[in-house]
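Student: I would like to learn how to read individual features in a structural model, and I would be glad to go through one with you.
Tutor: Then let us look at the model together and take its features in turn.

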Amino acid sequence: MRLPYPARFLTVLMIIGFVLAACATQSGDGSPGESTAESAAGTSAPAPSAAAEEPNELLVLEWGGYEAEEFWTDFKSAHPDTDVTFEFGDTDANILAQMQGGSQADIFHFYTGWQQFYVDEGLVQEIDTSKLTNWDKVPAEYQELGQIDGKQYFVPWDWGFTSILYNTEQVDEVTSWDALFNEDYAGHISMWNDGPGAVAVSSYINGWDETALTDDQLAQIEQDWIDQKPLNAFYWSGEYTDLCPAVQDGTIWVAYAWQGCYATALAAGDPVAYANPEEGRNSWVGLYGISADSDSPELALEFLDQKLAETSCANAVTLFYYGCANGDVMSSIDDPVLIEAFGLDDPSILESTNFTPLVTEEQREAWTAMWERVQAN
Amino acid sequence: MLGRRGTLRFLVTPPVAWLALFFIVPLALIAAFSLRAGSGAVGPDEPWLASVDQYAELAGTPAFLRLLGLSVLVAIGVAVLATLLAYPIAYFLAFRAGRRASLYLTLLLVPFAVSYLLRVMAWKLMLGPEGGVNSLLSFLGLTDEPIQLLLYSRPAVIITLVYVWIPFAALPIYAAMQRIDRHQLEAAADLGAGPWSRFWRVTVPLSLPGALVTFFMVFIPTVGEYVTPALVGGTDGIMYGNIIQGFFTRSANWPLGSAMAMTMLVLTLAVVLVGLRAVNLRRVLS
């Protein structure tokens, strides 16, 4: 039987589609590290004037809010004609997925715990720190966070805490992460829309090691968050687009939050506090990487160098209450509010802080899939 | 000079090519991904292997299937409400607006000049604790304090979606009513039919094809809706489309997301086919 012309045409195109899909997926069938080595080798000896020969534009894969010019004002001053644009992700898994999916970003921003994936999958190129004029201001322990197998792949930049942000007029002092599960605040709670974040909170509450959870413990975590779901007004994705407005208009009383939203609400005179849970706050460090496929690696390097410069870092600290990897900026803090926000007046703060651990691919997949099931329930 | 077949190819090829490139090929890609083992985005460590693992996982996760069923019900509800509310608007435009019909039609289309996101965000403000609805309830003395949970709920999703769809929904019904031969209404009147009888026995049957088109036009995209639930639905209003989006973004699991999308597509088509068979479309159209 001879098919009509349109049917034959569509059939051919569908076959092409399947072949393209197969080719696209098989193209990544290389051993981990292979493409990494190539990309590292490709940028090992750039010409001195390489940045001038590159396209005068940068695309940055960022988190919402970080596109504010205050965060990269030094680069803007040094390169007023460079076209810097941003695209956004709202979780580490989302940022990684975009890079895996072929994002054209020159620079990407993610947080501790996810470094290994970018290196293993050849998504990032090695950084020549000798070209970073502000590198010596970054404390050694921060520099090491950006290293994998002794090679510097990432530039640390922002750091801070995750804790409970709460409305002091509606809620008694929060002393534990389990405030997120308190039925007294039903309808006024907001959890971050992120599986690994949920696993971390449950691990703190139960005293479990989040990197060594058993299947039973993960099942318990899943059930706990399913039970907690009706207590939320919503799961937030954007710190400044979702969470802060709802905290400030009184809809949200208790939230999993970063310092930026706390700073915003505090500066606006809202009755908020940032908890010091007995289980400890979570602490994270933000890292920038340069895409292995970047057309402007030298310009990207200059961007990261200028991010570490004094004004950009100081803005992150004073305007958004985020710590910055420039040690000179951090040691010059004398504002009591900032000292309190960073816990600089509490010598035991680091002892009671939970640092974000490295996670494995299996853990990442299990935790994110768990979170999708929680949402569907 | 082109023959009949040549003319057909000349006319059909451009739109078919467009649809094929931007609809069929992406659909084929999603279908292909849904049949891939493992997880991840593009560039997995393992070669592409045909597998039904994703469908097995979907079938073994009752929460996903329940949410799919719930999303279908929400879509049916939204489609029914949008069709019922759009019907009087279309009737007014077709039979009562007279020479001002084009003016009213233009006014009906004014919301299209505003971004979809802005219109949804407007409802976020309307339903919020200090929004229009709460203010009205307070003004009327029906509430002492704002109802906090008016927003971030499934009803908020339904209200917003119905609002968004009504202008679209009125157009196919209006087009169907425009095609009704006025002589048939006159004949019915001559035979003694009153206004209600003419409406129920002439206007409604003859406008039913438009109403059906409206229903399915609203139902089909609403099943997979994720923007509106994400903005106004909160945790209570999450729909199946939000989970698909989650697997493509948060979870970076394209194969499972693709399997969920294909399952939704098949179920949606099944509902449409069953619906069309139930109303006996051929009889309606004739």
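Student: With which residue does A:Arg373 form a salt bridge, and how far apart are the closest N and O atoms?

Tutor: Before the answer, note that this is a predicted model, in which local features need pLDDT of at least 70 and side-chain atom pairs count only at pLDDT 80 or more, while totals for chains, interfaces and linings use all residues, and side-chain values use heavy atoms, with hydrogens and water left out. Residues are numbered from 1 along each chain as its sequence is written, and chains are lettered from A and ligands numbered from 1 in the order in which they are written. As a general idea, side chains of opposite charge can pair when their charged atoms come close. A salt bridge here is a side-chain nitrogen of Lys or Arg within 4 Å of a carboxyl oxygen of Asp or Glu. In this structure A:Arg373 pairs in that way with A:Glu222, the closest N and O atoms being 3.0 Å apart. Helices (H or I, at least four residues) and strands (E, at least two) are DSSP runs, numbered from the N terminus.

Student: Is A:Glu222 buried or exposed?

Tutor: Buried means under 20% relative accessible area, exposed over 50%, and partly exposed in between, with a 1.4 Å probe and protein chains only. A:Glu222 is buried, at a relative accessible area of 16%, whereas A:Arg373 counts as partly exposed at 23%.

Student: How many salt bridges does the structure hold over all chains?

Tutor: Over all chains there are three salt bridges. In another of them, the side chains of A:Glu298 and A:Lys131 meet at 3.3 Å, N to O. A:Glu298 belongs to helix 12 (residues 297-307) of chain A and A:Lys131 to the loop between helix 6 (115-120) and helix 7 (140-145) of chain A, so this pair ties together parts that are 167 residues apart in sequence. A:Glu298 is buried, with a relative accessible area of 11%, while A:Lys131 is partly exposed, with 31%.

Student: Which residue of chain B forms a salt bridge with A:Glu372?

Tutor: The partner is B:Arg250, and the closest N and O atoms of the two are 3.1 Å apart. This pair crosses between chains, from A:Glu372 in helix 16 of chain A to B:Arg250 in the loop between helix 11 (240-248) and helix 12 (254-279) of chain B. Both A:Glu372 and B:Arg250 are buried.

Student: How many disulfides does a search of the whole structure find?

Tutor: A disulfide is a covalent bond between the sulfur atoms of two cysteines. The cut-off used here is a pair of cysteine sulfur atoms within 2.5 Å, and the search finds two such pairs over all chains. One joins A:Cys244 to A:Cys261, with an S to S distance of 2.4 Å. This pair links helix 10 (residues 239-248) of chain A, which holds A:Cys244, to helix 11 (residues 259-267) of chain A, which holds A:Cys261, and the two cysteines are 17 residues apart. Both A:Cys244 and A:Cys261 are buried.

Student: How far apart are the sulfur atoms of A:Cys313 and A:Cys324?

Tutor: They are 1.8 Å apart, and the two residues form a disulfide. The link is left-handed, with -45° about the S-S bond. A:Cys313 and A:Cys324 are both buried.

Student: Which residue has a positive phi of about 55° although it is not a glycine?

Tutor: Most residues other than glycine have a negative phi. B:Tyr152 has a positive phi of about 55°, and it is found in the loop between helix 6 (132-139) and helix 7 (154-178) of chain B. B:Tyr152 is buried, with a relative accessible area of 11%. A:Asp149 also has a positive phi, near 50°, and lies in the loop between strand 4 (147-148) and strand 5 (151-152) of chain A. A:Asp149 is exposed, with a relative accessible area of 73%.
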